[in-house]
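Visitor: I am new to reading protein structures. Could you take me through a few features, one at a time?

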Amino acid sequence: MDVARRVAIRDHLAGVAHAALGAEHRLTGVSRLRGGSKKGVYRLTFDDDSTAIVYIWDDAENYWPTAQIDKTDSHANPFSHASGIDLFEAAHRRLDALGIRTPRIHLADRSRSHYPADIAVVEDVPGATLEALLQQDLEGAKVPLSRLADALGTMQRHQGAGFGKVALIDNGGISQGHSCEQVVLDRALDDLAEAASRDMRIAGSRDRLEDMVRGLADTVRPRSEYGLIHGELGPDHVLVDRHGHPVLIDIEGLMFFDVEWEHAFLRLRFGEHYRRLHRSGLDEQRLTFYTLAMRLSLVAGPLRLLDGDFPDRDAMTGIAEHNLQQALAFLR
């Protein structure tokens, strides 16, 4: 590990809280929330029992090994490390303009005057995640799922001038690569090589998997229309407010891309509930190709994360193992 970890405490965040919410709210408690790998996520508690959430973009909060993060591409690679306040603000603006619910921003600050990193203070949305509802209250999940399907439709009908991260496109930038399928192919081959270097089962099937990846990519026809996608929209990245509205979080990866990339991930993460999110008109050949590419990414990525000191190691190991088996199943 080459980065010293720093956990924010109440004294560290008192100035942030004051700047975001004013003197009428006195900060009484700070707790770091589990799950984040790229940024610190903390809940602030105040003397009137109100709460807020703080995002901290800081190397000391980022569990990805720094040697694995390409910081030179200025987001031109659609799949570069999706972390940073610029990506967050651009994504928030775009979703807000479309009427897609995200936590309300109280403060976004790059000045380092309140904390030695870029930070944002946002609404703490009361209620469960959609993941929890799907596990505990299927009936209660029906309305949020239906509304999420509507939100996805709105996003995917919203076309971009090119493919890539919203922050890049908004600034007139152009992404690396000449097509979404070529970018996915390049990434899939890189992920396959990395996974093969870490697991003998993938190594033993590498040639067959590479033939499968290339063969599926060859079936995809060119396209020049790109919808807006979240990129990692699992049910854990959807909060549900007290009115049953879905609230999207972890939005930094928002980009214009093939909508099949979104649906490959939705199908993996929502399982049997995906039928409520499916939309007609998807390119099934593209979806099959992207599903295998996604599986390889979900092997290489977790194994790469485990090079560092990410604390929830069993969960990452489980994700890698499950997707390894699913990738090998393409060969049967």
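Visitor: Does D191 count as buried or exposed?

Guide: First, keep in mind that this is a predicted model. To judge burial, look at relative accessibility; buried means under 20%. D191 has 5% relative accessibility, so D191 counts as buried.

Visitor: Where is D191 found?

Guide: D191 lies in helix 6, which covers residues 180–198.

Visitor: Which residues is D191 in contact with, leaving aside its neighbours within four places in sequence?

Guide: Those residues are L296, S297, A300 and R304.

Visitor: Now two helices. At what angle do the axes of helix 10 and helix 11 cross?

Guide: Helix 10 spans residues 284–305 and helix 11 spans residues 313–329. Their axes cross at roughly 150 degrees and come within 8 Å. Angles over 145 degrees count as roughly antiparallel. Helix 10 and helix 11 are therefore roughly antiparallel to each other. The crossing of helix 10 past helix 11 is left-handed.

Visitor: Which residues make the contact?

Guide: From helix 10, they are L292, R295, L296, L298, V299, P302, L303 and L305. From helix 11, they are M316, I319, A320, H322, N323, L324, Q326 and A327. Sorted by class, this contact of helix 10 with helix 11 has 12 nonpolar, three polar and one charged residues.

Visitor: Why is the pair of F163 and F257 edge-to-face?

Guide: Planes over 60 degrees apart count as edge-to-face. The planes of F163 and F257 are at 80 degrees, so this pair is edge-to-face; the ring centres are 6.2 Å apart.

Visitor: Which parts of the chain does that pair link?

Guide: Distant ones: F163 and F257 are 94 residues apart. F163 sits in the loop between helix 4 (138–157) and strand 6 (164–165). F257 belongs to strand 10, residues 255–257.

Note on methods: Residues are numbered from 1 along each chain as its sequence is written. This is a predicted model: local features need pLDDT of at least 70, side-chain atom pairs count only at pLDDT 80 or more; totals for chains, interfaces and linings use all residues. Side-chain values use heavy atoms; hydrogens and water are left out. Axes are lines fitted to C-alpha atoms, for helices over the stretch in contact, and angles run from 0 to 180 degrees between N-to-C directions. Helices (H or I, at least four residues) and strands (E, at least two) are DSSP runs, numbered from the N terminus. Angles under 35 degrees count as roughly parallel, over 145 as roughly antiparallel, 65 to 115 as roughly perpendicular and the rest as oblique. A crossing is left-handed if the near helix is turned anticlockwise from the far one by less than a right angle, and right-handed if clockwise. Contact means heavy atoms within 4.5 Å. Ala, Val, Leu, Ile, Met, Phe, Trp, Tyr, Cys and Pro count as nonpolar, Asp, Glu, Lys and Arg as charged, and the others, Gly among them, as polar. Rings of Phe, Tyr and Trp (its six-membered ring) pair if their centres lie within 6.5 Å; planes under 30 degrees apart count as stacked, over 60 as edge-to-face and the rest as tilted. Buried means under 20% relative accessible area, exposed over 50%, partly exposed in between (1.4 Å probe, protein chains only).
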